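The sequence and structure are shown first.

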Amino acid sequence: MILCLVSLVEVYSATSTLAYKSENYWEPIVRHAVLLAFGAICVLIFLNIPDKYYRWLGLALPLAILLLAVTPYIGVVINGEPRWISIFGITFQPSEVAKLCSVCFMAHILSKKDVIGDLKTLKIIVGFVGVTVLFIFVNNGSTAFLLYVIMLMMLYIGRISLKYILRLLAIPMLVGMVAAATLYIMPESAMNYMPDRAVTWKHRIERFFVDDRLDSSGKQMSLTNAQNKHYQEDLAKIAIATGGVLGKFPGHGQMRDSLPQAFSDFIYAIIIEEMGLVGGVCVLFLYIVLLLRVRVIAKRCDKLFPKYLILGCALMLVTQALINMAVAVGAFPVTGQPLPLISRGGTSNVISCLYIGIILSVSRFSANIGNEEDDYPEETSKAENDDVTSLPGVSKEEIDNWVPDSPSSKQTMPAPPPQG
């Protein structure tokens with residue numbers, strides 16, 4: 001709830017460019033607030049569903065893979081990429097749905113590991129989730145990378161042999177390094193025959209490793225120069241540097257009007273500019289608290305499926321948040337990952353709320369947190385009654401007629417006869 005409140009304040013501030021272009025300047029924040037309200041309703045629905053039924057979301061992974069397969073052909077193009085599908089007027093990202101189904105699927109299979117076996121469990125997870133990663137990778141490399149990292153984390157949590165996990169980690173790293181090196185040295189003439197995403201990856205690699213901010217005359221390019229490929233990172237760094245310790249306070253940031261995607265990919269830089277280092281650390285702290293709290297819930301789960309399920313949900317939220325923050329501060333290449341529960345977005349925010357709803361469902365039904373009843377008086381009364389009736393040689397009638405010693409009563413409890 002605190003993250004959503006931060007989102008309402010900062011998205012309202014960061015969508016100034018959208019409000020300026022819109023006929024109704026309230027439209028961007030109203031749309032965002034409505035989506036958050038819809039996400040809150042989804043939380044209320046999901047927390048009332050017993051967590052055992054979320055196995056069906058995992059079994060729906062093949063359907064999510066099918067949606068990913070047809071997205072490049074029937075998808076809606078937004079921001080130059082066909083990552084969205086529109087069904088009955090509802091536009092959503094199949095990759096976000098696939099991430100949720102993958103987490104549920106991995107939790108279900110890992111919970112059956114003792115029956116299936118380690119190696120077969122590994123093959124099933126890598127087979128289905130690996131195919132999902134490949135289909136996502138076609139249009140969204142950063143999301144595919146995130147899902148693959150979460151898969152490795154869940155395999156480690158599920159106590160799959162470390163040697164298999166290291167192999168799964170080494171193979172894509174080696175392939176990725178070779179692919180990155182190939183794109184880096186490939187001439188521009190050859191890039192004309194490559195897919196559009198390959199051109200985007202090449203530019204991102206060059207921006208991260210090479211400082212080409214100088215123009216042909218050797219002078220520093222201005223931020224408004226169309227050839228300056230680092231203008232997003234530079235504007236984000238300016239926003240962070242000018243924020244100071246306490247920030248400029250919400251609504252007073254200046255980089256929100258210049259920074260592209262200030263309300264999405266780089267909203268953390270706007271948070272630091274307007275709320276300062278204190279605000280940035282507090283937002284980071286909220287995600288860490290979420291992860292630690294989920295760990296407490298998981299320890300109280302007796303069954304493996306809910307334990308793996310909420311750990312996967314929490315890792316998905318927190319890892320994505322850390323990647324977004326690392327991009328904003330310049331510690332990671334630009335990926336396009338939004339900040340969960342804070343960035344402006346439709347599918348991402350709703351799916352993030354579903355993660356929260358699933359976590360609360362497990363907390364309620366499997367960890368029994370929040371369902372405790374105060375039955376101590378009944379237990380005490382029962383214990384006292386058991387102690388009295390267990391006295392040897394004392395009849396039930398004597399117990400019923402007995403009252404404590406008092407000035408108005410000389411009746412005393414009959415002593416039991418001597419034993420032995």
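## Overall architecture

Of the 420 residues in the chain, 43% count as buried, that is, under 20% relative accessible area with a 1.4 Å probe and protein chains only. The chain holds 18 helices and three strands, taken as DSSP runs (H or I of at least four residues for helices, E of at least two for strands) numbered from the N terminus.

This is a predicted model, in which local features need pLDDT of at least 70 and side-chain atom pairs count only at pLDDT 80 or more, while totals for chains, interfaces and linings use all residues. Residues are numbered from 1 along each chain as its sequence is written, and side-chain values use heavy atoms, with hydrogens and water left out.

## Cavities

A cavity is a set of points, on a 1 Å grid over the protein atoms alone, where a 1.4 Å probe fits but cannot get out; lining residues have an atom within 4 Å of a point. A volume is the space filled by probe spheres set on the points, which are joined across faces, edges and corners.

The largest cavity has a volume of about 100 Å³. Helix 5 (61-74) contributes the most to its lining, with three residues; Arg83, Asn139 and Asn140 are also among the lining residues.

The second largest cavity, of about 50 Å³, is lined by residues including Glu96, Lys99, Met316, Leu317, Gln320, Ser348 and Tyr355. Helix 16 supplies the largest share of this lining, four residues.

Glu96 lies in helix 6 (residues 94-111) and is buried, with a relative accessible area of 5%. Apart from neighbours within four places in sequence, Glu96 is in contact (heavy atoms within 4.5 Å) with Thr347, Ser348 and Ile351.

Helix 15 (residues 304-328) packs against helix 16 (residues 347-365) at an angle of about 145°, with the axes 9 Å apart. Axes are lines fitted to C-alpha atoms over the stretch in contact, and angles run from 0 to 180 degrees between N-to-C directions. Met316, Leu317 and Gln320 of helix 15 and Ser348, Ser352 and Tyr355 of helix 16 are among the residues making this contact.

Key
Buried < 20%, exposed > 50% of the residue type's maximum accessible area, 1.4 Å probe, protein only. 1 Å grid on protein atoms, 1.4 Å probe; cavity = no way out; pocket = protein on both sides within 12 Å on 5 of 7 lines; lining within 4 Å.
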